[in-house]
Amino acid sequence: MTYIINMQGVGRTFPGSVPVHALKDVNFMVSSGEYVTVVGPSGSGKSTFLNLIGLLDTPSVGTYLIDGIDPSTMGEKQRSALRGTRIGFVFQSFHLIGHQSAIANTQLGMVYNGVPRKQRITRARDSLARVGLSHREEAVAQTLSGGERQRVAIARALAGRPSLLLCDEPTGNLDSNNANSILALLDELHADDITLIVVTHDSEVAARGQRIVTVKDGHLSEKSQ
Amino acid sequence: MKRISAKGIKSSRMSLVDILGESVSGMMTRPGRAALTSLGTVIGVTVFVATLGLASTAAGQISSRFDAMAATEVTVTDQTSLPDLPLGVIPGFGDDPELAASKINGLSASGIYFTPDITTSEDNSVQGSLWPPGPPNAEKNSVSVDVMAVTPGFFTAVHAELQQGREFDIFHQTREEPVAVLGRATAQRLGLGTVEQQPTVFIENQPFSVIGIVDDVERVPMALTSVLIPDTTANRIWGAPGPGEGQVSLVVDTEIGAAQQVGAEIATAIRPDYPGVLQVQMPPDPRTLRDGINNDMTGLFMALAVVCLFVGAVGIANTTLVSVIERVPEIGLRRALGARKFHIAAQFLIESAGLGFIGGMVGATLGASTVIGVSLAQTWGPLLDPRTIISAPLVGAGIGLLAGAYPSWRAARTEPAQALRS
């Protein structure tokens, strides 16, 4: 069986006069279609863990395979491509380009992956429809509500057809109504067999995952639901 | 652990059109900041175009004035030392040099002038002693002046302006009349205010009726401090100057631009048998003069323009760097979505070059307008090399490219994980 994520003995140390061991001996596997939530206090190593999964950082020790592929053997060009095609990011602060339309924002990831323009538009429209924003395609991002912006961010992540949706505090900047709406959308995506990893502080959000992983002092622990 | 080869993974790629699209989009994000960023280039290129334009306009103006005066003058003198003169060849101008010269195309007027050989026992440097109006007597102080024997054509050739009275003409010349025209300075020295009564002055006891006073001349300025008398009269009284003694000159006024051609032909026209007996002095080639002035002025103004462009470039670099710092989260996002360092660097470089290009176009327009405005105010003909206008946006783009290099490099090196947290 090939895991979407397969980490064995992964550690991350930040060098300095006093080296910081942010993650230690992490063994973590995620299969296709799983919904995993990651919790932990601030400074626990949660962000480092997220950066390693998202190929935004490289482990100091251990092996990390994504879709069975070892990124440590790759150059910057291939790592960027792997990140762009296998991982969809959803951030707490949405990270939309404010003056661009919803559909232009949705296409952004595909621009860097060589998807032809016509195909980009089709896929962006499909993604926006999937998050319920077909009627807001041409709306400029900065005119959208917080919930709508996060939906556009999710649509952007989905449009790249990733193996994994990596969500960092996806409801952190939203009121309860919008937060519930986004969580319901994530549930729908999970039902459609999309693999989800959601990092959160919120225990209610964490409870929605099939698996809850806790990061504390650089160590990973997991309790079964 | 089952591993899949990474060989099948294609590099992240982006078409040129998409890079351009993202760059234009980046420029449009903050129109106010884009305008401010371009302002440095606008100012630099405006000064660049304006200084080059004003330099060429001013140089053109100066050289056209040179053309108008200096380039219309030719002077011919008879050669003094001609040791190899063949037997039988007589030096000098010949019988009627003015008539011979008048047949040359482009010649407007010509006139002979020479200093008569008036010998004084007291001082060899004195050309003539002139007594003020009235018969000479011991009580009146004489004034030492130059005496010039000239033909009537001389007045036209030197563009003489009369203060009062008249010049002498063919009639006076033919009849060897004892008439004189005074230069303005000579008249002042004599205290001669009017010539209405045709006062008489004496040159070495020879009476001459003053018929006019010359106020100004545009060439042969010695005429203003001299007494001008008909050449034939001088020849009758003091004898004609010997040929080949270098005393006789012919001043020639030509049409604008014809001096070089007239100068080349005049010796042959006057002395077709032996042109070498005459020496022709021509003004420097106006093209060489113009080019020299252009080079001097362009060099000076170019230095000023380069300084302005440098200041503009520093301005762009600064603003672009601030823009990069402000857009760090966006850079992080793009990197997370698959952008390579190259894509980020290219986008920022193109943005910077694009702003420079736009700044260059605006600057070229403002610079050209400045040249035209100044020229209109000074009633000059504006001169602006089209290559300056065409190259200005490219210069602006080049400045943008250079100025954007460091900020783009900084942007490309931004770590996506850190950028997304900021």
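User: What is the handedness of the crossing in which α11(B) passes α12(B)?

Analyst: In this predicted model, α11(B) passes α12(B) in a right-handed crossing. By class, the residues in that contact are 19 nonpolar, 7 polar and 1 charged.

User: Why are α11(B) and α12(B) called roughly antiparallel?

Analyst: The axes of α11 (residues 341-378) and α12 (residues 386-412) of chain B cross at roughly 150 degrees. An angle over 145 degrees counts as roughly antiparallel, and the two helices are therefore roughly antiparallel to each other. The two axes come within 6 Å.

User: What makes α10(B) and α11(B) oblique to each other?

Analyst: Helix α10 (residues 328-336) of chain B crosses α11(B) at roughly 140 degrees. Roughly antiparallel would need an angle over 145 degrees, and roughly perpendicular one of 65 to 115 degrees. The pair is therefore oblique. The axes of α10(B) and α11(B) come within 10 Å.

User: Which residues of α10(B) and α11(B) meet, and what is the handedness of their crossing?

Analyst: The crossing is right-handed. Glu330(B), Ile331(B), Arg334(B) and Arg335(B) of α10(B) meet Lys341(B), Ile344(B), Gln347(B) and Phe348(B) of α11(B). Sorted by class, this contact has 3 nonpolar, 1 polar and 4 charged residues.

User: How do you know that α5(A) is roughly parallel to α6(A)?

Analyst: Helix α5 (residues 146-159) of chain A packs against α6(A) at an angle of about 20 degrees, and their axes are 9 Å apart. Angles under 35 degrees count as roughly parallel, so α5(A) is roughly parallel to α6(A). The crossing of these two helices is right-handed. On the α5(A) side the contact residues are Gly147(A), Gln150(A), Arg151(A), Ile154(A) and Leu158(A). On the α6(A) side they are Asn178(A), Ser181(A), Ile182(A), Leu185(A), Leu186(A) and Leu189(A). By class, the contact has 6 nonpolar, 4 polar and 1 charged residues.

User: Why do β2(A) and β4(A) count as edge strands?

Analyst: The open sheet of chain A has 3 strands in the order β2-β1-β4, with antiparallel pairing. β2 (20-30) and β4 (61-66) each have a single partner strand, so one side of each is left without a neighbour in the sheet. From one strand to the next the twist averages 25 degrees.

User: How do you know that β1(A) and β2(A) pair?

Analyst: At least two bridges are needed for two strands to pair. Strand β1 (residues 5-14) of chain A and β2(A) have 7 bridges, in the antiparallel sense. Phe14(A) stands opposite Val20(A) in β2(A), and Thr13(A) stands opposite His21(A).

User: What makes β1(A) and β4(A) a pair?

Analyst: With at least two bridges required, β1(A) and β4(A) meet the condition with 5, again in the antiparallel sense. The bridge partner of Asn6(A) in β4(A) is Leu65(A).

User: What makes the contact between Arg130(A) and Asp192(A) a salt bridge?

Analyst: A side-chain nitrogen of Arg must lie within 4 Å of a carboxyl oxygen of Asp or Glu. For the side chains of Arg130(A) and Asp192(A) the N to O distance is 2.8 Å, and the pair is a salt bridge. Arg130(A) lies in helix α4 (residues 117-130) and Asp192(A) in the loop between α6 (176-191) and β7 (195-199) of chain A, so the pair ties together parts that are 62 residues apart in sequence.

Definitions and conventions
Residues numbered from 1 in each chain as written. Chains lettered and ligands numbered in written order. Predicted model: local features only at pLDDT ≥ 70, side-chain atom pairs only at ≥ 80, totals over all residues. Heavy atoms only, no water. Axes fitted to C-alpha atoms, helices over the stretch in contact; angles between N-to-C directions. Helix = DSSP H or I, 4+ residues; strand = E, 2+ residues; numbered from the N terminus. Left-handed = near helix turned anticlockwise from the far one by under 90°. Nonpolar A, V, L, I, M, F, W, Y, C, P; charged D, E, K, R; others polar. Contact = heavy atoms within 4.5 Å.
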